[in-house]
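Hi everyone, thanks for making time today. I'd like to walk you through one structure, so let's bring it up on the screen.

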Amino acid sequence: MNEMTPLPCATSARSGKQARGLHVITWGCQMNVYDSERMTDVLRPLGYEAVDAPDRADMIILNTCHIRDRAAEKVFSELGRLRLVKEARAQAGQQTVLAVAGCVAQAEGREILARAPYVDIVLGPQTYHRLPEMVARAARAAGAVIETDFPVEQKFDFLPPEREVPEGGAAFLTIQEGCDKFCSFCVVPYTRGAEASRPVAAVLEEARRLVAHGVREITLLGQNVNAYHGEGPDGATWDLARLATELADRVGVERIRYTTSHPRDMGDGLIAAHRDLPALMPFLHLPVQSGSDRILAAMNRGHTAQEYRDLVVRLRAARPDLALSSDFIVGHPGETDEDFEQTMQLIRDVGFAQAYSFKYSPRPGTPASNAGAQVPEDVKDARLQRLQALLREQQDAFNAASVGQRVRVLFTGRGRKPGQISGKSPYLQAVHVEGPDSLIGQVAEVDIVKLYTNSLGGVLTGETERA
Ligand code: SAH
Ligand code: SF4
Ligand code: F3S
């Protein structure tokens, strides 16, 4: 799961009863993107419609991420900006409900209310099904509302079945949430709670609706998505391989992805699914974090560097065109130059098509944050630069090798230039072609002819897959 640059909420709503503006700001991983969409769904029956400017919004939700760096500071500075919006609207006689959601809300809810008393609602990731009630309570001006419990009920059981389907033929679907792995550096087990899988029937139902609305590609989400173990309609426990097979064969999902996976949960059945299911895209995000056994142990990752290498060999044997992406942390407490060199060696040995890499950032309450031997900032900087240069080389080489290839592209929207449309290759590379808007949401065959810095240029071959 990767933190991404702030996204404006991409949801738009059908006309409700009495239109009220809703502006959602989403930071963090894909799961937050999914959550933002679902919060919009929950509020739609109350008449809320997505608007893209906060000053037109009767309700603003800031959906936050706590994974790295000065997460809380970033939230407070954004809240300062939103406070001005709220005050300006109040002067014009308009009320604004301001809510903070997501992982910072979960971890630091009380502090948010203390430091930003103009915030009306604080809600953790497990309570957004209770939003309508919270909005009602906030509107009664009974003071700020905070909901950061981990309720016994699963929020998914209380969400409206209808969901606004994003344009462009691709959608996220959360199938598993929370994490019990407690890696030394990570806040997720504290912000998202214990690992829980959604029942198979609920996942299939949501996928069917998406497909019926023209979705071609579904990315199954979970903090440890390959540890999925949902209760099946047959009473058996289904793993991810069985779920993916059902989605491909019976629900008719053309392209399936899943993220984020843990190397420890990459079982034989799932590896075999990569061999047997053409719908499973040949691109796998499999975070390794480090190439040093000492650091992997300190991180509590539960596998060695060699076990990761072996796993990659088995995956590539199952699906020879499989490409990998990963996450790396440099400067975990105790990391020496030698440990770091082992990470560089692992990168050279495996070869990644793409990767995210971060300087270790101490998170309050996690074991690594008060471990001895914290690595100095300048050392982390230097290591990150070298690591990113190597990863960049590999990524450029992978993209360059795509030129001359024929690939199937799912077109997700218009390009930057008029007459241009953009989409993604099986390897999530951005591809731009000259083509009609009617192809948006469709899969079409493209000859890749040009390499740009972060994307590819192509030409349509004229063959489009039937919807
Ligand atoms: N569940 C996923 C990762 C979720 S967090 C997994 O186990 O791989 C996404 C990425 O953020 C992690 O893979 C890690 O590389 C990075 N990350 C998490 N906590 C971090 C921290 N304290 N400092 C730096 N990077 C961190
Ligand atoms: Fe965090 Fe580790 Fe769980 Fe991933 S597996 S979410 S890194 S604790
Ligand atoms: Fe961030 Fe929470 Fe996702 S901390 S990465 S939004 S699980």
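Let's start with Cys183, which counts as buried because its relative accessibility is 7%, under the 20% cut-off. Please keep in mind that this is a predicted model.

Where does Cys183 lie? You'll find Cys183 in the loop that runs between strand S9 (176-177) and H5. If we set aside neighbours within four places in sequence, Cys183 is in contact with Met299, Asn300 and Arg301.

Cys186 is found in the loop between S9 and H5 too. With 14% relative accessibility, Cys186 also counts as buried. Its contacts, again leaving out neighbours within four places in sequence, are Ile67 and Thr366.

Now, what does UniProt list under "binding site"? The entry, an unreviewed one, gives Cys179, Cys183 and Cys186. In the model, these three cysteines are among the residues around ligand 2, and others there include Lys181, Phe182, Asn224, His262 and Arg301. Sorted by class, that shell has seven nonpolar, two polar and two charged residues.

Let's move on to helix H3, which covers residues 102-115 and bends by about 90 degrees at Glu108. Glu108 is also one of the buried residues of H3, and so are Cys103, Val104, Ile112 and Leu113, among others.

What covers those buried residues? The cover includes helix H2 (71-91) and helix H5 (188-191), together with strands S4 (59-64), S5 (97-101), S6 (121-123) and S7 (145-147).

Note on methods. Residues are numbered from 1 along each chain as its sequence is written. Chains are lettered from A and ligands numbered from 1 in the order in which they are written. This is a predicted model: local features need pLDDT of at least 70, side-chain atom pairs count only at pLDDT 80 or more; totals for chains, interfaces and linings use all residues. Side-chain values use heavy atoms; hydrogens and water are left out. The bend at a residue is the angle between axes fitted to the seven residues ending there and the seven starting there. Helices (H or I, at least four residues) and strands (E, at least two) are DSSP runs, numbered from the N terminus. Buried means under 20% relative accessible area, exposed over 50%, partly exposed in between (1.4 Å probe, protein chains only). Contact means heavy atoms within 4.5 Å. A residue is near a molecule or strand if one of its heavy atoms lies within 4 Å of it. Ala, Val, Leu, Ile, Met, Phe, Trp, Tyr, Cys and Pro count as nonpolar, Asp, Glu, Lys and Arg as charged, and the others, Gly among them, as polar. UniProt positions are given in the numbering used here, feature names are shortened, and annotations may be inferred rather than shown by experiment.
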